[in-house]
Amino acid sequence: MSDKSSYMIWFDGDLVPWNEAKVHVLTHTLHYGLGVFEGIRAYECHDGRPAIFRLMDHINRLYSSARIGQVKIPFSKEDLRKAIFKVLIVNKLKEAYIRPIAFIGDGVMGVNPKDNPIRLAIAAYPWGAYLGDEGLTKGIRAKISSFTRMHVNTHMTKAKICGNYVNSVMAKLEVTSLGFDEALMLDTEGYVSEGSGENIFIVRNGVLKTPPLTSILEGITRNTAVEIATDEGIKVIHERFTRDELYIADEAFFTGTAAEITPIREVDGRPIGDGKPGEITKRLQQSFFDIVRGKDDNYIKWLDFIPW
Ligand SMILES: *Cc1c(COP(=O)(O)O)cnc(C)c1O
């Protein structure tokens with residue numbers, strides 16, 4: 001952490017030093033998990049200008065998550081946008097992972113948070129490839145977790161609600177302890193749902209398939225991959241599929257802000273295709289990295305250039 005201690009964190013409207021961005025142990029969200037967050041990335045473009053990828057989509061989703069969780073964020077979307085820019089500028093970060101979180105502060109201790117204050121913090125720091133540089137180029141090894149992806153009517157799967165991630169952490173701990181890189185979860189009916197923090201795609205006979213927006217988080221990178229593929233003339237089907245359909249896929253990959261587009265080379269010890277990143281996966285990955293770094297004018301609409 002020492003390397004990050006010089007950074008400032010935006011907290012309830014002020015910039016505070018990294019080591020002073022603290023909360024009370026009776027913070028409501030710490031006990032019960034009702035809080036909402038986002039994961040956003042800024043990239044330094046090919047011309048040296050830094051830009052945030054699909055910033056308003058992330059801000060809109062944070063407010064949607066808050067609406068689902070009935071967390072009333074005491075700042076406007078525009079306040080949040082300006083605050084995110086400020087955090088990057090003051091910390092001189094051209095490439096960063098950005099983590100806004102809205103949570104319920106201390107006050108009453110029962111599960112009904114009533115009038116407890118809603119607090120908002122934004123941290124940003126450098127973060128490379130989530131599943132490793134080698135994962136990006138050679139693909140990762142995934143395993144289907146024994147933990148089922150939470151039921152749509154137990155947890156709200158479309159919201160990035162803090163407590164939802166107990167499910168993800170359990171699955172991730174399980175499969176990494178067995179030597180795998182990432183966990184894949186099945187939905188409550190046994191169909192493939194998503195990774196611990198990524199959406200999944202498979203490719204069969206040149207056609208992309210991804211689970212529909214039922215038990216999954218509505219990923220912005222998922223939507224990006226769908227749009228790129230469609231624009232490149234690749235058909236995309238939104239349909240549930242089984243684990244055996246995944247086993248016989250030609251290619252598979254994960255999408256997520258943290259994971260970007262990461263090829264899956266193996267599931268449950270079985271190679272996917274020939275056990276290497278597939279052609280369509282590599283093509284989409286290349287397009288994705290060109291887009292986030294501003295090399296493709298057709299998608300410049302997705303970049304919010306930081307007023308550096
Ligand atoms: C955040 C997240 C994703 C990916 O969403 P992006 O908008 O692409 O970052 C997928 N699944 C889960 C469970 C997530 O939390």
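**A tour from the ligand to an aromatic pair**

The model is predicted, so local features need pLDDT of at least 70 and side-chain atom pairs pLDDT 80 or more, while totals for chains, interfaces and linings use all residues. Residues are numbered from 1 along each chain as its sequence is written, and side-chain values use heavy atoms, without hydrogens and water.

Now select Tyr165, where a side-chain N or O atom is 2.4 Å from an oxygen atom of the ligand. Proceed to Glu194: one of its polar side-chain atoms lies 2.6 Å from a ligand nitrogen atom. At Thr221, an N or O atom of the side chain is 2.6 Å from an oxygen atom of the ligand. Taken alone, the ligand exposes 380 Å², of which the protein buries 96% (Shrake-Rupley method, 1.4 Å probe).

Finally, turn to the aromatic rings, which form 13 pairs in the structure (ring centres within 6.5 Å). Select Tyr97 and Tyr125, a tilted pair with 6.0 Å between centres and 50 degrees between planes; planes under 30 degrees apart count as stacked and over 60 as edge-to-face, the rest being tilted.

Notes: A polar contact is a pair of N or O atoms within 3.5 Å; within protein, one must be able to donate a hydrogen and the other to accept it, and residues adjacent in sequence count only if both atoms are side-chain atoms.
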